[in-house]
Amino acid sequence: MTDAKNEILRVEGLKKYFGSSGAVLHAVDDVNFSINEGATLGVVGESGCGKSTMGRTILRLHEPTEGKVFFKGENIVDYDKKQMKALRKEMQIIFQDPFASLNPRMSISETIIEPLIIQGVYDKKDKAGLQKRVRELMDLVGLAERLINTYPHELDGGRRQRIGIARALALNPKFIVCDEPVSALDVSIQAQILNLMQDLQDELGLTYMFITHDLSVVKHFANDIAVMYLGQLVEKAPAELLFKNPLHPYTKALLSAIPVPDPDYKMERILLQGEITSPINPEPGCRFAKRCPLATAECSGQDLVLREVEPEHFVTCRLVQ
Amino acid sequence: MKELLKVKDLVIHYQTDDGLVEALNGVSLSIGEGETLGLVGETGAGKTTLAKGIMRLIPNPPGKIKEGEIFYDGKDLLALGDIEMQDIRGGHISMIFQDPMTSLNPVMTVGDQIMEVIQKHNNISKQEAYQKAGEMLELVGIVKERANDYPHQFSGGMKQRVIIAIALACNPKLLIADEPTTALDVTIQAQVLEMINRLKKKLNTSMLLITHDLGVVAQNCDHVAIIYAGEIVEYGDLQQVFKNTQHPYTEGLFGSIPSLAANVKRLQPVEGLMPDPTDLPEGCKFHTRCKYVQDICKKNVPPLIDIGEGHLVRCVRCQKQ
């Protein structure tokens, strides 16, 4: 089990529903997990499964409907605005789309300076201090100094994502939600950014919650992986164990769907029928049952919770012994 | 195998206000009947320009096919008039576009959009065309009652199926698929690719599959061409390119992919960025990023040479051997 001493983030019974009477969309539905300091939790799922909403709800960019989020032992759901602002120094986010998450009218230096001034780390008039910090951060994320006054439209996707990372790092955070930080990038650039994020983690002792739809991306640098389906975690295990011994039928299908870049590898695809079902007013029971090749009548009717089936390996499926 | 498509020394440039964009610089390739050729490269490598060039869909101005020949089934496509070309498009050569969200007409029902291509190429009544459209929908796994629905009523995966139905409606002999699954989730990607392959076998269609995912190539193609800065840098069958990788760029692409099988702690991507197509480097276009660069690479453009059994490589290191 997780060592309570090193635990930096714990989420208990987190729910985020959208809409009111009648149609309620269960974006995040009773999620529980914790992350240790300096570790990476990979959250994997398909579009619409609620993984981004979960990341944002943990940072209270969406207000949770129910549940608790403990950061360094304190429940931040109870924090007021002022406490929350102070906390944002420690919790940051890197967004998915480097084309949409930067203000097109702000230069690189203005973008990186903004959080420093808002949080009062530097005085607005301390031009020299701010410039020094910006250069430090640009150097840290591998942006050439000559780009300091360029605007986002002059830069390619990889460089833009580096700005997003520099902005997130400006306040020396402890915990960063990375919401698909590389999925909009070309594969060689993707690898450059992944290496950078890994170096930064080693150097600065960061804790990541890494949200992605691509299982192969998280495999090599997440400690734990949680698989999400329709707002719920269906399986959670240390990365290696999950790849070696996936237990949930959805995880198995997800793993088998990844095209392996080896012509001699014969894929045994588990083709899922249909697509992700609607998260609006879901019926009790296993959410995956409608697409599951193994589902029986007993799978619906009763909500399932994560159970530990082998050390550190949690799964919801009732068919797993 | 009979040769169906032959492209020879194709050069396509765009004249823009920022200078001459050298998108395609002498590309040659051929596709046999029933064969699938994978075309792999990063954003801006010229993949889509090549596809549009074959379809004669390059907007002129600013684009222009400067040099080269395109033969389809023995016919010189560049010599055909506009009316004859309309017969080819959709009837003989079809294209599946990248983004299913934007390539359908939002104010036409999907049934009408499939009928449009059927009526264009066959002299049949509206009723027969409607029936044929329904059959095409069934073929791609959508019930024909949905022919009267509009694109916004479908999910991403289903929209892509509709586009495939349109592309295959007139039994084309060549299918150009431009990143057909990039916008889709992996489980849906697996479904769509499986379907394309099944239909391709049934109708003995040839395919040019454009992608940046080497995994997709390994599982779906017979031959593969790696394109960089508008030139093919490596070409061969799957075994040659995947198991006996020669070009440093191809090597870098493989180094960028997080492997599911091996336990890699750090990725080995290509350093740097794709060169600006308005300002391509002298000599080998890859020399600015190549780790084996020599003086000669900066002066001379290396030719594409056969290193044995049709395995083509554009690199001076292979010339010496």
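Predicted model: local features only at pLDDT ≥ 70, side-chain atom pairs only at ≥ 80, totals over all residues.
Residues are numbered from 1 along each chain as its sequence is written, chains are lettered from A and ligands numbered from 1 in the order in which they are written, and side-chain values use heavy atoms, with hydrogens and water left out.

Domain 1 of chain A covers 7-90 + 174-315 and domain 2 covers 104-172, with bounds that come from an automatic or database domain assignment. Counting as contact any heavy atoms within 4.5 Å, 17 residues of domain 1 of chain A meet 12 residues of domain 2 of chain A. The two domains of chain A bury about 1300 Å² between them, 67% of it on carbon and sulfur atoms; buried area here is the accessible area, taken with a 1.4 Å probe, that two parts lose on being put together, summed over both. On the domain 1 side, A:K85, A:K89 and A:L196 lose the most area to domain 2 of chain A, together 37% of what that side buries.

Between these domains of chain A the rule finds zero salt bridges, a salt bridge being a side-chain nitrogen of Lys or Arg within 4 Å of a carboxyl oxygen of Asp or Glu. The rule does find four residue pairs in polar contact across that domain interface of chain A, both residues at pLDDT 80 or more; a polar contact is a pair of N or O atoms within 3.5 Å, where within protein one must be able to donate a hydrogen and the other to accept it, and residues adjacent in sequence count only if both atoms are side-chain atoms.

Let me turn to the two chains. Their contact takes 39 residues from chain A and 44 residues from chain B, and chain A and chain B bury about 3600 Å² between them, 55% of it on carbon and sulfur atoms. The count between chain A and chain B is three salt bridges, including one between A:D262 and B:K243, whose closest N and O atoms are 3.0 Å apart. Across this interface of chain A and chain B the rule also finds 12 residue pairs in polar contact, again with both residues at pLDDT 80 or more.
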